[in-house]
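This note is intended for a colleague who is meeting the structure for the first time. The points below may be read alongside the sequence and the coordinates.

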Amino acid sequence: MFVTSAFAQESAPSADTSHVATEGDTHSGTGVPAEAHGTFPPFDPATFPSQLLWLAITFGLFYLFLKRVVMPRVGGIIDVRNDRITQDLDQAAKLKGEADAAVAAYEQELAEAKAKANAIGQQANDAAKAEAETARKKVEAALDEKLGEAEARISSIKANAMKEVGSIAEDTASAIVEALVGGKASKAEIAAAVKSVAR
Amino acid sequence: MAADKVDPIHQFHINKLIPIEIGGYDLSFTNSALFMVATVVVAAAFLFLTTSSRSLVPGRLQSVSEMAYEFVGNMLRDAAGTQGMKFFPFVFSLFMFVLVANLLGLFPYFFTVTSHIIVTFGLAALVIATVVVYGFMKHGLGFLKLFVPHGVPVFLLPLVVLIEVISFVSRPVSLSVRLFANMLAGHITLKVFSGFVVSLSALGAVGVAGSILPLAMAVALTALELLVAFLQAYVFAVLTCMYLNDALHPGH
């Protein structure tokens, strides 16, 4: 289908060729120089000097403009961006390091505080124990003292009582002797007799 | 005027706008020169204005300028190494000039600067002249090592050197003809198909119906020409980079 239509098109413009030719003639008739040569325009040497000159001028200026103005600017933009990116990355790394250090410091402080708390607890415990011990000792000492006092009093009371037992025995003995014998025994004899019995 | 559209060669004609003649040479300001000026002004203004805000976060147009800059920069660095970066302004100018000239040529009624062999040859000769001059300046006669590849058997050497010399000499020709022929052929084809549309629609209802196909072709060709405009600018710049690499490192 493509072939046939292409063929149809090819035959169609052939009707126009005479028209084109006349038009071309009128152009050359008007004396337009480029067309007057009748050569294929890109191969027309008459245009070469002018084209080369203007190419040299325009391209030369373009080269200088790009080299002096545009490229330093674009290069600068890209460099600044790259610098900024590396700078930001560095800063991010630095901040991360700082955050890590803060976490480490926090953990260390926490550990220290825990250790301190343990130490304080231990100390308090020890102090309480020591206090309790001293209090106990004091109480024990006081009790011992009181016990000693009581024992001393008991022994003195006992001694007094024993002494009184002797005199009572003497009195009783002299009374019994008086009643039984009717004589009076000397005090010294009775005391000696009581003493020998009591022993 | 209908004939202008049908004649596919008419678009390549050069008209004098301001006749200048110095020393017997015709140095007139022509439509070709006008479009060279337009190319330079458009390219320079685009690059200048889009980057004028120097935004850290580029807008769309600034991105385009930066992309072109980095594209050519990477191309040159890949081909010729960091030493080649001294030619960056040159290659960037060439790329932008050819690209903008090609793109401007796509506009209807606009003259295509790069469709003239003398213009493309002028640029190619500039490239080769740069290569030769810099090569001899940097390496002296060592630059001639370019024509003597390493590891070639002695009995083959004359033949290889001959081939290398021919390939070097043909470089400016191939570089210029490639760009010129692409632009010329593309614009002629475009004009021919557009001409079919005009001629056919002059034939009445059947012709108008029949002109749809060449119209579609013209649209497709315009897209193709847009691609070719980029591609040829890229090819021109890449080959320039490779030739400059030869000037920097003549030993193969």
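1. H5(B) is followed by Gly140(B), a residue whose phi is positive, near 60 degrees. The model is a predicted one, and the remarks that follow should be read accordingly.

2. Buried in H3(B) are Gln62(B), Ser65(B), Ala68(B), Tyr69(B), Val72(B), Met75(B), Leu76(B) and Ala80(B). The buried residues of H3(B) pack against H4 of chain A together with H2, H4 and H8 of chain B. Just after H3(B) comes Gly81(B), with a positive phi of about 75 degrees.

3. How do H4(A) and H3(B) lie relative to each other? Their axes are 10 Å apart, and the two helices pack at an angle of about 95 degrees. Angles of 65 to 115 degrees count as roughly perpendicular, and H4(A) and H3(B) are therefore roughly perpendicular to each other. On the side of H4(A), Val74(A), Ile77(A) and Ile78(A) take part, and they meet Ser65(B), Glu66(B), Tyr69(B) and Glu70(B) in H3(B). By class, this contact of H4(A) with H3(B) has four nonpolar, one polar and two charged residues.

4. The contact between the chains as a whole takes 46 residues from chain A and 50 residues from chain B. On the side of chain A that touches chain B, helix H1 (2-14), helix H2 (17-29), helix H3 (33-36) and H4 each supply at least two residues. The largest share of that side, 26 residues, comes from H4(A). Sorted by class, the side of chain A that touches chain B has 31 nonpolar, eight polar and seven charged residues.

5. The overall make-up of each chain may now be set out. Chain A has five helices and zero strands, and 10% of its 199 residues count as buried. Chain B has eight helices and four strands, with 38% of its 252 residues counted as buried. Along its sequence, chain B follows the pattern α-β-β-β-β-α-α-α-α-α-α-α. The C-alpha atoms of chain B fill a box of roughly 70 × 55 × 45 Å along the principal axes. Among contacts in chain B between residues at least 6 apart in sequence, 66% join residues at least 24 apart.

6. Which residues have the most contacts inside the largest nonpolar core? They are Val72(B), Val91(B), Phe95(B), Phe97(B), Val98(B) and Ala237(B), in a core of 58 residues. The elements giving two or more residues to this core are helix H4 (48-181) of chain A and, in chain B, helix H2 (31-50), helix H3 (60-80), helix H4 (88-105), helix H5 (117-139), helix H6 (157-201) and helix H8 (212-248). H4(B) contributes the largest share of this core, 11 residues. Apart from this core lies another, of seven residues, among them Leu190(B), Phe193(B), Leu200(B) and Leu221(B).

7. Val98(B) illustrates the contacts made by one residue of the largest core. Leaving aside neighbours within four places in sequence, Val98(B) is in contact with Thr114(B), Leu179(B), Gln232(B), Ala233(B) and Phe236(B).

8. Arg54(B) has a positive phi of about 50 degrees although it is not a glycine; its place is in the loop between H2 and H3 of chain B. Arg54(B) counts as partly exposed because it has 13 C-beta neighbours inside 10 Å. Tyr109(B), which is also not a glycine, has a positive phi near 70 degrees and is found in the loop between H4 and H5 of chain B. With 6 other C-beta atoms within 10 Å, Tyr109(B) is exposed.

Key. Residues are numbered from 1 along each chain as its sequence is written. Chains are lettered from A and ligands numbered from 1 in the order in which they are written. This is a predicted model: local features need pLDDT of at least 70, side-chain atom pairs count only at pLDDT 80 or more; totals for chains, interfaces and linings use all residues. A nonpolar core is a set of buried Ala, Val, Leu, Ile, Met, Phe, Trp, Tyr and Cys residues joined through C-beta atoms within 7 Å. A residue is buried if 20 or more other C-beta atoms lie within 10 Å of its own, exposed if 12 or fewer, and partly exposed in between; C-beta atoms are placed from the backbone. Two residues are in contact if their C-beta atoms, placed from the backbone, lie within 7 Å. Ala, Val, Leu, Ile, Met, Phe, Trp, Tyr, Cys and Pro count as nonpolar, Asp, Glu, Lys and Arg as charged, and the others, Gly among them, as polar. Axes are lines fitted to C-alpha atoms, for helices over the stretch in contact, and angles run from 0 to 180 degrees between N-to-C directions. Angles under 35 degrees count as roughly parallel, over 145 as roughly antiparallel, 65 to 115 as roughly perpendicular and the rest as oblique.
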